[in-house]
Each structure stands twice: as C-alpha cells, then as structure tokens.
Amino acid sequence: MTRKILLLPGDGIGPEISLQASRLLAACQESGLDIDVEEALVGGAAYDAHLEPLPPETLQKAKAADAILLGAVGGPKWDTLEDLSKRPEKGLLGLRKHLGLFGNLRPAILYPQLVEASSLKPELVSGLDIMIVRELTGGIYFGQPRGIEIRDGERVGFNTYVYSESEIERIGRVAFEMARKRGKKLCSVDKANVLEVTMLWREVMTRLAQEYLDVELTHMYVDNAAMQLVRAPKQFDVIVTGNMFGDILSDAAAMLTGSIGMLPSASLNESGQGMYEPCHGSAPDIAGKNVANPLAMMLSVAMMLRYSLSEPALAERIEAAVGQVLDDGLRTADIASDGMQAVSTQAMGDAVLAAFAQG
Ligand code: NAD
Ligand code: IPM
Ligand code: MN
C-alpha cells in the first residue's frame, strides 16, 4: 500500500534542508519504498500566502498523511506580528496539538567522528547515546488561562503550567517502554521541590515504575539535570520530562553531539502517526546561504522510516550513510573542527545520497 508523506519545508533554512530530505525520499523510492510525497505550506511561508500559519488545507493534508516531515518555522520577519495566533510557531504548535503528537523523541547521539566537534572533552562524551522523551502537547505551552492583561494599573503576563494524571501517565509509558528497549535506566526530570504540577508528575512516574520493575527509575530536579548534562552526560540513558524542560534540555544535549544541526526528532501520537523534524529552528542567521547542516533533517527521515513506516533497514542505511560521509571527512561549518574545510548544505546532501546509493 502506498504511504502518504507530507513535506512541510517552512521558513529560513527549512526549505534548504527539506530539499535534501526530499532527494533522500526519492532515493528510497528508487530502492522500492512505496510512498507518495506531497508538499504544503506552514509557518511564516503559509502566513505570507494565506495569512494563516496553519491553513486548513495543510492541516487536512497532515491528518491524511501517514507521516509528516517538517523543516523549521519562524524568523524575524514575523516576530513583530501583534496577533500571536498568526505567528509561524503557532503553525507548528497547532499541528502538534491537532494531531495529538504528545510523545517527542529526541535522541542525542554522538557520532564517534564528531568527538572533536562536541563542546565537551572527548572522555566526557565519547559513546554518548541519550534519548530525551519530551511531553509535547501539554504543560505550560498549552495551559489555560494565559495572556497579558492589566492588573492594578500595570500589564501582567501569565501562563499556566498544568498536567493531568492521564497526560503524565501517557508520556511515562512511552519513556518506560523506551528505557526497557535500551539501557533500562530512566531519569524523570521535574521541579517537584517547588511546583505542584511536577509533584504530581513525580508521583505518577513513581507509581508507573511498579509496572516496569526491570527499569531503574530515578528523579532529578531540572536545574541539576542541566548541570549534570554538561558535567557527566553519559550517566543518562532515557530522560523523561515535560514540554518546556524538554525543549531546553534537548538544545543543551544537542551541543554534546557537536551541533544542534545533528539532532533529529520524532513526535508520535497514540495511533503511531508521526511528525519528524530536526530539533533546531529556522536559523535566520544562516538562511539562504547553503551552509546549514542538513543531517538532522536527513536523520529525521530515518526516524520516520523506523517509527511510522516500519522500514528499519532503510533507516539503518541512512544512518550508515551519514556515518560514511563523516568518516570521509565531510563537515558543514557547524561541525567542522579546526583546520577542516567546510562543505555546503548541497554538497553534504550529495555525499549522503551517494553513500546511501552504495549502501
Ligand atoms: P535556531 O535553532 O534556529 O538557531 C540557533 C543557532 O543554531 C543559530 O546560530 C543557527 O545558525 C544554528 N543552527 C540551527 N540549525 C542549524 C543547522 N542545521 N546547521 C547549522 N547551524 C544551525 O534557534 P533560534 O535562533 O533561537 O530560533 C530561530 C527561529 O526558529 C525562531 O523564529 C524560532 O521560533 C524558530 N524555531 C523553530 C523551531 C522549529 O521549527 N522546530 C525550533 C526552534 C526554533
Ligand atoms: C522546538 C521549538 C518549538 C518548541 C517552538 C518553535 C515552538 O523550539 O521544536 O524545539 O518550543 O517546541
Ligand atoms: Mn526548541
């Protein structure tokens, strides 16, 4: 059966890296993968065309797709839009919410070839392989009430940090199952010393642990977790945390792997449908220059093959191709160590495709 893939290039470097992903999809088709790839607008690009960051047509195509690939959204051009509901980021958040993509997997894996590109010393990071499981459709990102209003003669801004037991349990199960398949260690990150919402989080995780006796559950406050990630990151196997803490910790973890341009992600719902995107943003500072690292995007294609299309062999072929080009010394500017010649986005894409074709 033909599977439907929706490609949403988005803004900034989004279209540049999406081009490399779509070439990779075409190569997968040549290898026998039966997919139909369609493109649609999201984010600032959709706002410019339709005055909506998530046009109904895009949402409808997303709902009908087996999997979605997204480049990145946002940029300074739209940062001053007064109506918050029109901001590009709302397009992305809307997709996550409408499709129920609560389970966000962010693997921080250090390719051995990139040890020198990591911001930490080789002995601290070599062999690093962490999976961050981030709750993606709740928490302070979506809690009500929210807004800016006048109180006592001045403006106040407010958001609500809320999680229900069922939301916590749902993401907890994803994380325990993940830990069970990996190193059997799960660290739940919260702020239970201060915030009631995360006291409940900790309580639910502790209760769930009774069903996963083969997994060792530990708890850590988020401030300590940030410190531990840059002190001794290899102590972690799987981390589970809420929406905002997961956003912040995954960017920190990205640098351990050499660059945020190396981190792919999967966002899954209860029926196994997924959206796949790099963890980084639209990188306005380098957009349009053909220098962005396309590997996080290309590795997101691999995650899509593994988690939504049940094609683990093709996923491994992509990951092996990435390893091969790194072995061959190809580096975009963000991962080039001293004295290494940096290649363009397109040249990196070419090299991965060539290695994939041989794989
Ligand atoms: P960013 O991730 O876009 O950029 C941070 C830094 O990392 C920049 O110096 C950038 O050049 C670099 N970088 C990011 N991706 C790279 C890549 N593939 N190759 C090389 N270098 C790369 O974060 P930001 O600057 O905070 O945000 C810029 C815009 O992106 C904002 O509008 C923000 O809302 C949006 N954003 C979108 C997403 C998403 O679509 N998933 C994620 C994060 C930020
Ligand atoms: C990410 C991004 C998004 C988030 C923004 C752009 C809404 O930072 O995917 O990590 O905060 O989730
Ligand atoms: Mn982020």
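Tyrosine 111 counts as partly exposed, because 19 C-beta neighbours lie inside 10 Å, whereas a residue is buried if 20 or more other C-beta atoms lie within that distance of its own. This residue belongs to a predicted model, and its place is in the loop between strand 4 and helix 5 (122-125).

- Setting aside residues up to four places away in sequence, tyrosine 111 touches Gly323 and Leu326.
- Tyrosine 111 and glycine 127 stand 16 residues apart along the chain, and their C-alpha atoms are separated by 7.8 Å.
- Glycine 75 is found in the loop between strand 3 (67-72) and helix 4, and this glycine is buried, with 21 other C-beta atoms within 10 Å.
- The contacts of glycine 75, not counting residues up to four places away in sequence, are Asp11, Gly12, Gly44, Ser282 and Pro284.
- From glycine 75 to lysine 191 the separation is 116 residues in sequence and 31 Å in space, taken from C-alpha to C-alpha.

**Surroundings of the ligands**

- Around ligand 1 there are 21 residues, of which Gly74, Gly261, His280, Gly281 and Asn293 come nearest.
- The shell around ligand 1 divides into 10 nonpolar, seven polar and four charged residues.
- The residues around ligand 2 are Gly74, Glu89, Leu92, Leu93, Asp247, Cys279 and Gly281, and three of the residues in this shell come from helix 4, which gives the largest share.
- Three nonpolar, two polar and two charged residues make up the shell around ligand 2.

**Positions annotated in UniProt**

- In an unreviewed entry, UniProt lists Arg96, Arg106, Arg134 and Asp223 under "binding site".
- These positions span 128 residues in sequence, and the farthest two C-alpha atoms are 26.6 Å apart, so they do not all gather at one spot.
- Arginine 96 has its place in helix 4 (residues 88-98), where it counts as partly exposed, with 19 C-beta neighbours inside 10 Å.
- Apart from its neighbours within four places in sequence, arginine 96 is in contact with Leu101, Leu136, Thr137 and Ser267.
- Arginine 106 is placed in strand 4 (residues 103-109) and counts as buried, because 24 C-beta neighbours lie inside 10 Å.
- Once its neighbours within four places in sequence are left aside, arginine 106 is in contact with Ile132, Arg134, Ser250, Leu263, Ser265 and Cys279.

Conventions. Residues numbered from 1 in each chain as written. Chains lettered and ligands numbered in written order. Predicted model: local features only at pLDDT ≥ 70, side-chain atom pairs only at ≥ 80, totals over all residues. Near = placed C-beta within 6 Å. Nonpolar A, V, L, I, M, F, W, Y, C, P; charged D, E, K, R; others polar. UniProt positions renumbered as here; feature names shortened; annotations may be inferred. Helix = DSSP H or I, 4+ residues; strand = E, 2+ residues; numbered from the N terminus. Buried ≥ 20, exposed ≤ 12 C-beta atoms within 10 Å, placed from the backbone. Contact = placed C-beta atoms within 7 Å.
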